[in-house]
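Please keep the sequence and the coordinates at hand while reading.

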Amino acid sequence: EAYPSADPAYPIDLEEVMRGLAGREITSPVIIRLPGILEHRMRELRRVFDAAIAEGGYGGGYSCAYPIKVNQERHVCEVIRDVGARIGFGLEVGSKPELIAGLALTQGFNEMPLVCNGFKDAEYIETVVLAAKMGRNIIPVVERVTELRLIYESATAHEVLPTFGIRAKLASAGVGRWADSSGIRGKFGLTVGEILQAVDYLKSENLLGGLKMLHCHVGSQLFDIRAVKYMVSEMAHLYVELVRAGAPLEILDIGGGLGVDYDGSQSASESSINYTLEQYASDVVYRVQSVCDEAGLPHPNLMTESGRALVAHSSVLVCEVIGSRVFPADPDMGLVERSLAAEDPPQPLLDVYQAYRRSADTEDLAEVYADAEHALSEAIGLFNLGYMDLISRATCEELYWSIGASVLSHFGDDLPESLSHLPDRLADLYFVNLSVFQSLLDSWGIDQLFPIMPIHRLDEEPMRRGILADITCDSDGRVDRFPGDGEAKTTLELHSARGGGAFGQSGDTDPYYLGIFLTGAYQETLGDLHNLIGDTNAVHVTLGDDGRWRIDAIVEGESVRDVLSYVQFDPKEIRKTLRSDIESAMEEGRLTLREGASLRRFLDQGLEGYTYLE
């Protein structure tokens with residue numbers, strides 16, 4: 001269940017949502033977006049900063065500019081825009097397409113801050129200046145010295161003094177995967193020396209009055225609060241010195257970095273954070289206030305560009321297990337008897353069979369497993385040299401798997417160090433109707449951990465351990481690292497699922513759904529078209545006044561026609577060509593009329609269908 005308002009009295013049952021979607025012929029995989037959780041996260045960020053400001057008597061205000069690169073989906077951005085308008089938040093853009101999207105989103109919201117980061121050319125700057133002249137609260141951030149000249153030229157041509165900021169390269173280092181995005185060697189921003197030169201240039205061109213913001217960015221997913229403290233302290237001192245130099249700064253934008261506890265460990269690790277929202281806000285406010293008070297200067301308005309921390313929690317990706325590959329706990333005794341009855345059975349077969357028999361009546365399963373592992377290695381060697389037949393090798397493997405299953409069952413979570421590799425070696429393989437490259441790119445690209453669990457059958461103890469494999473043809477299309485007890489684990493506790501029975505049996509027939517949580521940040525926009533598998537279906541689910549969930553919006557996933565067009569295949573031409581080929585095959589008697597009609601129907605429905613298995 002999900003609790004959009006954090007009130008346990010008003011849940012949304014995710015399994016019930018999936019049943020409702022199935023009745024509407026909306027199939028998995030599907031992204032369930034929960035705008036209520038997004039609003040709750042925004043209001044929490046507002047609350048903790050307001051509390052820190054009030055507690056310390058801070059003289060400035062606070063705002064958050066949501067970076068739409070984190071999730072540019074229109075429905076998500078509109079929720080942020082609408083809630084942001086009520087609580088004083090804004091948006092941040094980092095490219096020309098995002099600038100246009102930001103201008104469209106803030107139409108009618110002229111007071112909403114629109115911060116413009118990223119490299120800018122003359123066209124970009126002119127658009128910003130004209131938007132400012134229209135009355136928009138738009139703030140371009142200077143990333144390179146050359147952008148100051150562009151601002152001067154456009155401001156002069158259109159006779160308007162825009163509000164703008166300067167991004168500083170800080171010496172304070174970030175932490176984690178994105179540490180290199182900050183510091184002196186960072187991609188964006190001006191050095192301290194360049195900032196001083198910029199102030200002199202702005203004075204000479206009578207543009208200094210527009211410099212209202214000092215900006216920085218120390219990295220994403222800052223997991224250690226010390227990195228935040230160092231960065232804020234350096235920024236506050238830089239702010240003080242620039243104000244003393246004559247810069248009329250009013251806003252201190254410390255950029256993004258507010259992290260998410262993906263693995264639940266609340267630790268200084270790449271998939272977690274060692275601080276709370278309250279600690280983050282308190283440290284930011286206190287550090288800036290202390291430096292400004294010591295200098296005798298007014299407190300600036302504070303701004304953050306928190307994206308991940310706002311949207312990550314608001315989406316869950318639900319996919320269906322379409323099959324599984326399990327190692328049998330019990331060997332095929334018919335196969336065993338057949339191989340042992342052969343004339344002169346090979347010694348490795350006899351050794352692993354003896355190990356199997358010992359496993360039933362000994363406590364020293366570690367030694368039994370070691371013997372079985374050695375025997376299997378010898379069996380494979382003999383097979384590769386041509387000295388063992390296929391039936392004997394298959395028997396050795398089945399007996400080995402059975403011994404391994406007995407060892408895992410016996411030790412449970414208390415495996416000896418010598419057997420720590422066994423869960424990985426014998427883990428079940430659960431096939432999910434999903435593309436890791438489209439919907440979980442960070443899992444593949446940077447080993448990001450995401451919480452994953454079944455969304456139903458929670459009253460049953462999961463008796464299997466497995467890893468997840470997607471439907472792409474790439475062996476990297478798998479998830480084999482999961483949040484554990486303080487560190488990543490290599491298997492996930494799961495229930496038995498369809499396709500997991502004995503050979504020739506279908507296993508369970510009911511759908512088995514897994515929820516992949518905290519996927520609202522980046523995963524929807526970073527995904528690629530590997531194997532031409534496109535965007536998933538997405539739905540926006542909210543709670544009504546009666547406490548029942550409802551679907552506010554359905555965003556259909558991409559069709560085969562859509563993704564073929566992206567790579568310059570003309571679906572109309574494909575249909576025409578293949579229909580002609582089918583007609584020729586029927587005329588020549590290679591296909592019957594019924595077979596030709598069936599193939600045409602598959603072609604027509606396939607082009608319009610979902611790129612995932614249906």
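## Helix 4 against helix 5

In helix 4, K96, L99 and L103 meet E123, Y124, T127, V128 and A131 of helix 5, where a contact means heavy atoms within 4.5 Å, and where helices (H or I, at least four residues) and strands (E, at least two) are DSSP runs numbered from the N terminus. By class, this contact has 5 nonpolar, 1 polar and 2 charged residues; Ala, Val, Leu, Ile, Met, Phe, Trp, Tyr, Cys and Pro count as nonpolar, Asp, Glu, Lys and Arg as charged, and the others, Gly among them, as polar.

The axes of helix 4 (residues 96–105) and helix 5 (residues 122–134) come within 11 Å and cross at roughly 15°, the axes being lines fitted to C-alpha atoms, for helices over the stretch in contact, with angles from 0 to 180 degrees between N-to-C directions. Helix 4 is therefore roughly parallel to helix 5, given that angles under 35 degrees count as roughly parallel, over 145 as roughly antiparallel, 65 to 115 as roughly perpendicular and the rest as oblique. Helix 4 passes helix 5 in a left-handed crossing, a term for a near helix turned anticlockwise from the far one by less than a right angle, whereas clockwise gives a right-handed crossing.

## Basis of the model

The model is predicted, and local features need pLDDT of at least 70, side-chain atom pairs count only at pLDDT 80 or more, and totals for chains, interfaces and linings use all residues. Residues are numbered from 1 along each chain as its sequence is written, and side-chain values use heavy atoms, with hydrogens and water left out.

## Two further helix pairs

For helix 6 (residues 145–158) and helix 7 (residues 192–204), the axes come within 10 Å and cross at roughly 15°, so these two helices are roughly parallel to each other. Their crossing is right-handed, and the contact is made by V145, L148, R149 and Y152 of helix 6 together with E194, A198, Y201 and L202 of helix 7. These residues divide into 6 nonpolar, no polar and 2 charged.

Helix 12 (residues 347–358) and helix 14 (residues 390–411) have axes that come within 9 Å and cross at roughly 25°, which means that helix 12 is roughly parallel to helix 14. The crossing in which helix 12 passes helix 14 is left-handed. From helix 12, P348, L349, V352, Y353, A355 and Y356 meet S392, T395, C396, L399, Y400, S402 and I403 of helix 14, and the residues of this contact divide into 10 nonpolar, 3 polar and no charged.

## Nonpolar cores

A nonpolar core is a set of buried Ala, Val, Leu, Ile, Met, Phe, Trp, Tyr and Cys residues joined through side-chain atoms within 4.5 Å; buried means under 20% relative accessible area, exposed over 50%, and partly exposed in between (1.4 Å probe, protein chains only). The largest such core has 117 residues, and those with the most contacts inside it are L45 and Y66. Helix 8 (residues 225–244) gives the most to this core, with 10 residues.

Leaving aside residues up to four places away in sequence, Y66 touches N71, V76, C77, I80, G90, L91, E92, S306, G307, L310 and V311. A second, separate core of 22 residues includes A375, A379, L422 and L426.

A cis peptide bond, with omega about 0°, joins S28 and P29, and P29 is found in the loop between helix 1 (14–23) and strand 1 (30–33). Two residues other than glycine have positive phi: R457, near 60°, in the loop between strand 12 (452–454) and strand 13 (464–469), and Q568, at about 65°, in the loop between helix 19 (560–566) and helix 20 (571–587). Q568 is exposed, with a relative accessible area of 68%.

R465 lies in strand 13 and, at 34% relative accessibility, counts as partly exposed. Its contacts, not counting residues up to four places away in sequence, are D413, A427, D428, T491, L492 and E493. R465 and H495 are 30 residues apart in sequence and 8.3 Å apart in space, C-alpha to C-alpha.

## The chain as a whole

The secondary structure of the protein chain comes to 21 helices and 18 strands, and its C-alpha atoms fill a box of roughly 100 × 70 × 55 Å along the principal axes. Of its 614 residues, 49% count as buried. Among contacts with a separation of 6 or more, residues 24 or more positions apart account for 76%.
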